[in-house]
Amino acid sequence: MQAIQIEINYDFICPWCWIGQRNLAAALAQAGTGAAVSIRYVPFELNPFMPVEGMDRRAYRSQKFGSWARSQVMDSQVTAAGLAAGAPFNYDVVLRTPNTRLAHRLMQFAQQRNEPLKTAALYQAIYAAYFSEGRDIGSLDTLTAIAAENAFYAGDVRAYLLSEAGNQEMDAARARADKLGVQAVPTILIDGNVISGAQPPVVFTNALRSATQRNAA
């Protein structure tokens, strides 16, 4: 039976993308389909004009949402949802809003190695580094360290990120997302079935089982 094709449109700055990732992981464990899956991570920059060095998170969020108090209410809602999904948010230590382009390019690097388990672990680790540990995932040094912690060779990662590699692929991915009508993340396609938002595991489980049945037919 051919592998189920899963395409994840995401941005590491989006907390709901991490929650969606945890819910999808739970669904993959629960689906019981026995079928292989092939996952592709598709970058979708929510803040493409963010300064390369990022911004002070309090200043950025206060400006974006009208007040710091409103931002904190939203953070509390996300934190509660994250607990249910197994995604521990610790906003007290998150001091900066990063530019995520380097982190997306790191995922391009990982996917080119064709080691899906390592790539999936790295994807999860980048979210945890930012939202749980408050690390600056816009930093070359930070991303190189995270990659090394997940069994990628630091020298290769640094060389890749210091080059222009991955930029064309990112631009092409965004053009394709625009063509498909993707306007927000997470947007996850399971064998072409579009699932928008951080849906509960049962939604992903049902989509996976439907895809398995179609492939079997």
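In the predicted model, the charged end of Lys118 is placed over the ring of Phe152, at 4.4 Å from the ring centre.

Aromatic pairs were searched for across the whole structure, and 15 were found. Phe12 belongs to the loop between strand 1 (4–10) and helix 1 (15–30), whereas Tyr123 belongs to helix 5, so the pair ties together parts 111 residues apart in sequence. Phe12 has a relative accessible area of 0% and is buried. Tyr123, with a relative accessibility of 1%, is likewise counted as buried. Both residues are members of one aromatic cluster, which is formed by Tyr10, Phe12, Trp18, Tyr41, Phe89, Tyr91, Tyr123, Tyr127, Tyr130 and Phe131.

Helix 6 spans residues 140–149, and its buried residues are Leu140, Thr142, Leu143, Thr144, Ile146 and Ala147. These buried residues pack against helix 4 (101–112), helix 5 (116–131) and helix 7 (154–162). In an α-helix, residues three or four places apart point the same way, because each turn takes 3.6 residues. The N-terminal end of helix 6 is capped by Ser139, a side-chain oxygen of which lies 3.3 Å from the backbone nitrogen of Asp141. Just after helix 6, Ala151 adopts a positive phi of about 75°.

Notes. Residues numbered from 1 in each chain as written. Predicted model: local features only at pLDDT ≥ 70, side-chain atom pairs only at ≥ 80, totals over all residues. Heavy atoms only, no water. Buried < 20%, exposed > 50% of the residue type's maximum accessible area, 1.4 Å probe, protein only. Helix = DSSP H or I, 4+ residues; strand = E, 2+ residues; numbered from the N terminus. Contact = heavy atoms within 4.5 Å. Polar contact = N/O pair within 3.5 Å; in protein donor to acceptor, adjacent residues only side chain to side chain. Phe/Tyr/Trp six-rings, centres within 6.5 Å; stacked < 30°, edge-to-face > 60°. Lys NZ or Arg CZ within 6 Å of the ring centre and 35° of its normal.
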